[in-house]
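Visitor: Hello! I would like to learn how to read a protein model, one feature at a time. Could you walk me through this one?

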Amino acid sequence: MWDNERFAGTPARKTGTALAIYCLATLFAVGLFAVGLRVENIILVYLISVIVMMIELRAFVWGGLYTIVCIITFNFLFTEPRFTLRVADPNYVIMMAIFLAVSAITGLLLSWLQEQVELSRQNEKRMKALLEISSGYLTLTGMDNIVYYCLKSLYQAAGERCRVYIAQGPGKLGAPYYIKAQFPDESVMDNDTPADWCFINNTVCGANTSFFGDSGWVYLPIRNRDACLGVIGVYTEGREIDGGHMVFINTVLSEMAMAVEKERMVPRCSGRTAEKPDAAGPDAAARSFLRDFGEPLRQAAESAERLLQSGEADRDGRRRALSGLALKLETLHNRAANHLQAGLLETDGLKVRREKTDFVELAAAAIGPYKLCCGERIVWMSPAAPMFVRADAELMKLAVANVLNNALVHTPPESQVSVNLTGDEGYCRLEIADRGCGIAPRALSGEDMDNPRGGLVLCGEIVRANEGKMVVRSSRFGGTSIVISLKNETG
């Protein structure tokens with residue numbers, strides 16, 4: 001598709017150009033006819049004029065109309081009987097039909113060639129813009145500077161007006177960044193619901209998509225590896241973004257994602273290297289203990305105190321309080337085990353003793369304490385027959401408990417967590433799916449979790465050490481689904 005604003009100009013300019021080419025071709029053809037040139041050669045003059053007109057206007061429709069005018073003129077001025085639209089010789093009809101076909105084929109070839117040339121120019125322009133944008137990210141620091149550089153670059157390179165949301169917590173986006181001068185009419189601003197949906201589901205939505213298709217914006221997740229770091233909204237006024245331009249935007253977003261991750265990593269790394277080894281150990285251990293045990297212990301103590309003071313409370317109230325206390329204590333037990341395994345992982349690595357074991361029995365043992373604490377919050381579905389795998393039973397129990405613990409702690413108390421064990425294609429698959437708001441990208445990358453290295457990171461390493469696979473994705477219930485797969489051990 002050609003850019004009419006760039007190539008064709010206004011209709012008046014198109015008409016003037018076509019008329020000038022037509023007049024020059026006709027005058028030249030009349031001159032050649034006057035000196036005795038045969039009409040079979042004169043028609044080539046009009047064919048050349050069609051090619052010139054197509055090159056000049058770069059519009060196939062105008063080329064078709066111009067061809068018809070040239071055929072009528074040729075018939076009127078140069079074929080017998082002259083100065084009429086009748087044809088005395090059938091060969092002239094065949095000649096004009098061939099002329100029309102050749103003009104159409106020539107026009108199509110020229111249009112295709114011009115489109116390829118323009119596409120090549122656009123790609124070259126995009127590559128130059130990407131090189132400049134990439135160079136700019138190398139020296140940027142500060143989250144605000146990184147995001148505003150992305151907004152400015154997309155506008156200068158492609159004219160795209162955007163808003164960027166950066167993840168701030170589990171299933172939560174921060175306030176949007178945007179350049180106010182690019183939106184003089186604030187009525188075009190969309191609400192944040194599509195951006196939140198895009199972030200939680202890690203899926204494109206907005207204009208011309210299956211979700212929020214009536215929006216004037218297209219929302220794209222900002223990904224780095226398997227993590228979603230935020231969302232960008234591109235104001236398209238409802239139009240669809242073509243494939244080449246979408247690749248350009250995604251490349252800019254990938255560069256921004258790397259800059260964002262680098263920005264988040266720098267304070268953590270510099271903090272480690274700045275401390276003296278002798279003083280860092282006790283301080284780090286104390287901070288780690290307070291983070292992982294201090295607050296949960298305080299909550300458990302408060303829950304126990306409320307439980308003791310609830311002598312006159314109803315039975316259901318005491319049961320709920322006792323269940324909450326049991327979950328907090330089980331969480332503490334889980335975190336202590338995580339500390340132990342994380343310490344081993346930092347020094348000698350995981351000590352895995354893989355033996356043939358029943359995955360159904362293993363999962364039930366890991367889920368049992370939580371089922372006792374939370375009752376109907378856990379929907380546990382498993383096959384009646386044993387499902388054998390080769391794994392370290394104790395470590396795998398810790399991994400399953402970690403995943404279930406995170407689902408229970410980070411979802412509303414009234415929501416249910418589905419635990420489903422199935423077997424297919426030679427694998428045993430345990431899926432733990434919640435109805436919460438999802439897991440933040442920083443959590444999936446091992447930051448801001450409740451235990452060292454991140455509970456889910458430790459789980460993943462345990463599963464990999466047992467030659468299995470752990471996948472984190474959006475749940476069919478609207479929250480997060482984590483699937484642990486181990487190879488089925490038959491015989």
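This is a predicted model: local features need pLDDT of at least 70, side-chain atom pairs count only at pLDDT 80 or more; totals for chains, interfaces and linings use all residues.

Visitor: Is threonine 236 buried or exposed?

Guide: Threonine 236 has a relative accessible area of 1%. Buried means under 20%, so threonine 236 is buried.

Visitor: Can we look at another loop residue, arginine 353? Where does arginine 353 lie?

Guide: Arginine 353 is in the loop between α10 (315-347) and β6 (355-358). Here the relative accessible area is 63%. Exposed means over 50%, so arginine 353 is exposed.

Visitor: And what does arginine 353 touch, not counting residues up to four places away in sequence?

Guide: Arginine 353 touches Ala391 and Asp392 on that count. There is also a distance to look at: the C-alpha atoms of arginine 353 and alanine 465 are separated by 9.8 Å, and these two residues are 112 residues apart along the chain.

Visitor: How many helices and strands are there in the chain?

Guide: The chain has 14 helices and 12 strands. Of its 491 residues, 41% count as buried. Among the contacts with a separation of 6 or more, 66% are between residues 24 or more positions apart.

Visitor: How do I describe two packed helices?

Guide: You give the angle between their axes and the distance between the axes. Take helix α4 (residues 60-78) and helix α5 (residues 90-137): their axes come within 10 Å and cross at roughly 160°. That makes α4 roughly antiparallel to α5. The crossing of these two helices is right-handed.

Visitor: Which residues of α4 and α5 meet?

Guide: From α4 come Phe60, Thr67, Cys70, Ile71, Phe74 and Asn75, and their partners in α5 include Met95, Phe99, Leu100, Gly107 and Ser111. Sorted by class, the contact of α4 with α5 has 10 nonpolar, five polar and no charged residues.

Visitor: At roughly what angle do the axes of α2 and α4 cross?

Guide: Helix α2 (residues 11-34) and α4 have axes that come within 11 Å and cross at roughly 30°. The two helices are therefore roughly parallel to each other. This crossing is right-handed. Among the residues that meet are Lys14, Ala18, Tyr22 and Phe33 in α2, with Trp62, Tyr66 and Leu77 in α4. The residues of the contact of α2 with α4 divide into 13 nonpolar, three polar and one charged.

Visitor: What about aromatic rings? How is a pair of them described?

Guide: You use the distance of the centres and the angle of the planes. The count for this model is 10 aromatic pairs. One of them joins tryptophan 197 and phenylalanine 212, at 6.2 Å centre to centre with 75° between the planes, and it is edge-to-face. This pair links distant parts of the chain, with tryptophan 197 in helix α7 (residues 193-201) and phenylalanine 212 in the loop between β3 (205-206) and β4 (217-224), 15 residues apart. Tryptophan 197 is partly exposed at 21% relative accessible area, and phenylalanine 212 is partly exposed at 30%.

Visitor: Is the pair of tryptophan 217 and tyrosine 219 stacked or edge-to-face?

Guide: Tryptophan 217 and tyrosine 219 are stacked, with 6.5 Å centre to centre and 25° between the planes. Tryptophan 217 counts as buried at 1% relative accessibility, and tyrosine 219 counts as buried at 0%. Ring pairs also link Tyr178, Phe183, Trp217, Tyr219 and Tyr235 into a cluster.

Visitor: What can I read from the backbone at phenylalanine 212?

Guide: Phenylalanine 212 has a positive phi of about 55°, although it is not a glycine. Asparagine 208, also not a glycine, has a positive phi near 60°. Asparagine 208 is found in the loop between β3 and β4, and it is partly exposed with a relative accessible area of 45%.

Visitor: And which residues does a cis peptide bond join?

Guide: That bond joins glutamate 80 and proline 81, with omega about -10°. Proline 81 is in the loop between α4 and α5.

Terms used. Residues are numbered from 1 along each chain as its sequence is written. Side-chain values use heavy atoms; hydrogens and water are left out. Axes are lines fitted to C-alpha atoms, for helices over the stretch in contact, and angles run from 0 to 180 degrees between N-to-C directions. Helices (H or I, at least four residues) and strands (E, at least two) are DSSP runs, numbered from the N terminus. Angles under 35 degrees count as roughly parallel, over 145 as roughly antiparallel, 65 to 115 as roughly perpendicular and the rest as oblique. A crossing is left-handed if the near helix is turned anticlockwise from the far one by less than a right angle, and right-handed if clockwise. Contact means heavy atoms within 4.5 Å. Ala, Val, Leu, Ile, Met, Phe, Trp, Tyr, Cys and Pro count as nonpolar, Asp, Glu, Lys and Arg as charged, and the others, Gly among them, as polar. Rings of Phe, Tyr and Trp (its six-membered ring) pair if their centres lie within 6.5 Å; planes under 30 degrees apart count as stacked, over 60 as edge-to-face and the rest as tilted. Buried means under 20% relative accessible area, exposed over 50%, partly exposed in between (1.4 Å probe, protein chains only).
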